[in-house]
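I hope they are handy as you turn the model on screen.

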Amino acid sequence: MTHPAPVDVPTRDLFRLDGRTILLSGGAGAVGLCVGKAILESGGDIVLLDVAQSPNAAQWEDIEETAKINNTKAFYYQADVTEAETIPPLFDRIREDVRFPLRGLVACAGISGEGDAVDYDINVFRKILDVNVTGTFLVAQAVGRDMHRANVTGSIVLIASMSGWVSNRGINTSAYNASKSALHQLTRSLAAEWGHPQNTFPGSTPSDTNPNPSMEPRKAYPPIRVNSLSPGHIETPISEAARKRGLTDEWARQNMLGRVSQVQEFRAPCLFLLGEGSSYMTGADLRVDGGHCAW
Ligand SMILES: NC(=O)c1ccc[n+]([C@@H]2O[C@H](COP(=O)([O-])OP(=O)(O)OC[C@H]3O[C@@H](n4cnc5c(N)ncnc54)[C@H](O)[C@@H]3O)[C@@H](O)[C@H]2O)c1
């Protein structure tokens, strides 16, 4: 099923998200809360999902106030994105609670950790890959299923990092960098699967890792676009330690704008990727890094 190009959408509405629910994993974090608020201001309802029991009280009050002013709605659920078995029942609950179907995802949940590769604790390495890669996949999978079920188009944004393209100069974060590179490839793979039925050969080859192959033709669904967003260094509350070590000043010297970014600078890129403005964009990475990787 090809979806018609949204040629009649007025230019002013290209960033609007009215009548849609957008889920944000890692929704209690710096990027999640800021982008979530921007979505409310753009007409969309939001579902914030985070391992934190609750968001910061003052920030949640701000979210609720923003929702009220914009006639939109905000929901918060505590959940660990790595706990595969808890995700389907959680999505059943979310489907009951929201007033519009899920049409978008901003997958922000992520962790990092420094350590020299020769000494890297393998459990930490696994944990980082589990949260950043498997957790992102599990949420994208649940959102994709939900969109198929509701027979709607959608847009998925995986928050990767410039660290998926280059190695962070000055700090040793091999697990994080590898995980973010994996997200770039996950983006292309999901975009190919969910863009158009022509993209997959019918059937699948049985193997040890594919014990239930089906030769049935796959169902055709409205397209889901999948893109990643790769931020450069962001000034957030958790970068306090980096600032104390002088890393923030060093990072500012490593990009073409001579400063690290602010979290608000990821609002427009996310809204663009979620909305009709990016209707012909899928399988791509949007790098927003002050030119860090262009040098
Ligand atoms: N801050 C930066 O400089 C920077 C740069 C590039 C990319 N990023 C990426 O942007 C995204 C958001 O980062 P941020 O700066 O807002 O960080 P943050 O720590 O403020 O937010 C991340 C959120 O993810 C949540 N989370 C962690 N593990 C989880 C789990 N298992 N299940 C559910 N939620 C979980 C945390 O509780 C937190 O609220 C991350 O993926 C990060 O890797 C950040």
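1. Let us begin at the ligand, where a polar backbone atom of Val81 sits 2.9 Å from a ligand nitrogen atom. Please keep in mind throughout that this is a predicted model. Two further pairs involve ligand oxygen: an N or O atom in the side chain of Tyr176 is 2.6 Å from an oxygen atom of the ligand, and a backbone N or O atom of Ile234 lies 3.0 Å from a ligand oxygen atom. The ligand taken alone would expose 830 Å², of which the protein buries 85%.

2. The ligand is surrounded by 26 residues, with Val31, Asp50, Asp80, Tyr176 and Lys180 the closest. Sorted by class, this shell holds 16 nonpolar, 7 polar and 3 charged residues. Helices α1 (30–41) and α5 (174–195) each give at least two residues to the shell.

3. Which residues of α5 are buried? The list includes Tyr176 and Lys180, both already named among the closest to the ligand. Further along, Leu183, His184, Leu186, Thr187, Leu190, Ala191 and Trp194 are also among the buried residues of α5. The cover over these buried positions includes helix α4 (122–150) and the strands β5 (154–159), β6 (224–231) and β9 (285–288).

4. I also checked the length of α5. With 22 residues at 1.5 Å a residue, α5 should span 32 Å, and because its end C-alpha atoms are 32 Å apart, the expectation and the model agree.

5. Next, Ser155, which is part of strand β5. Ser155 has a relative accessible area of 2%, under the 20% cut-off, so it counts as buried. Where does the side chain of Ser155 reach? It comes to 2.6 Å from the backbone oxygen of Leu273. Beyond its neighbours within four places in sequence, Ser155 contacts Arg103, Gly104, Leu105, Met147, Arg225, Leu273 and Leu274.

6. Leu273 and Leu274 take us to helix α8 (residues 267–274), where both are buried, as are Pro269, Cys270 and Leu271. The buried residues of α8 pack against helix α1 and the strands β1 (21–25), β4 (102–107), β5, β6 and β9.

7. Most residues other than glycine have a negative phi. Asn71, however, has a positive phi of about 55°, and Asn151 has a positive phi of about 60°. Asn71 is in the loop between α2 (57–69) and β3 (74–78), while Asn151 is in the loop between α4 and β5. Are they buried or exposed? Asn71 has 63% relative accessibility and therefore counts as exposed; Asn151, at 46%, counts as partly exposed.

8. Trp60 belongs to helix α2. Its relative accessible area is 19%, and since buried means under 20%, Trp60 counts as buried. Trp60 touches Leu48, Pro55, Ala74, Phe75 and Tyr76, when residues up to four places away in sequence are not counted. For the pair Trp60 and Tyr76, 16 residues apart in sequence, the C-alpha atoms are 9.2 Å apart.

9. Thr200 is in the loop between α5 and β6. At 32% relative accessibility, Thr200 counts as partly exposed. Its C-alpha atom is separated by 9.0 Å from that of Arg218, 18 residues apart along the chain.

10. Finally, please zoom in on Asn255, in the loop between α7 (247–253) and β8 (261–262). With a relative accessible area of 7%, Asn255 is buried. Which backbone atoms does the side chain of Asn255 reach? They are the backbone oxygen of Trp251, at 3.5 Å, and the backbone nitrogen of Gly258, at 2.9 Å. Setting aside neighbours within four places in sequence, Asn255 is in contact with Val260, Asp289, Gly290, His292 and Trp295.

Notes:
Residues numbered from 1 in each chain as written. Predicted model: local features only at pLDDT ≥ 70, side-chain atom pairs only at ≥ 80, totals over all residues. Heavy atoms only, no water. Near = heavy atom within 4 Å. Polar contact = N/O pair within 3.5 Å; in protein donor to acceptor, adjacent residues only side chain to side chain. Areas by Shrake-Rupley, 256 points an atom, 1.4 Å probe, with all protein chains shown as cover. Helix = DSSP H or I, 4+ residues; strand = E, 2+ residues; numbered from the N terminus. Nonpolar A, V, L, I, M, F, W, Y, C, P; charged D, E, K, R; others polar. Expected span 1.5 Å × (residues − 1). Buried < 20%, exposed > 50% of the residue type's maximum accessible area, 1.4 Å probe, protein only. Contact = heavy atoms within 4.5 Å.
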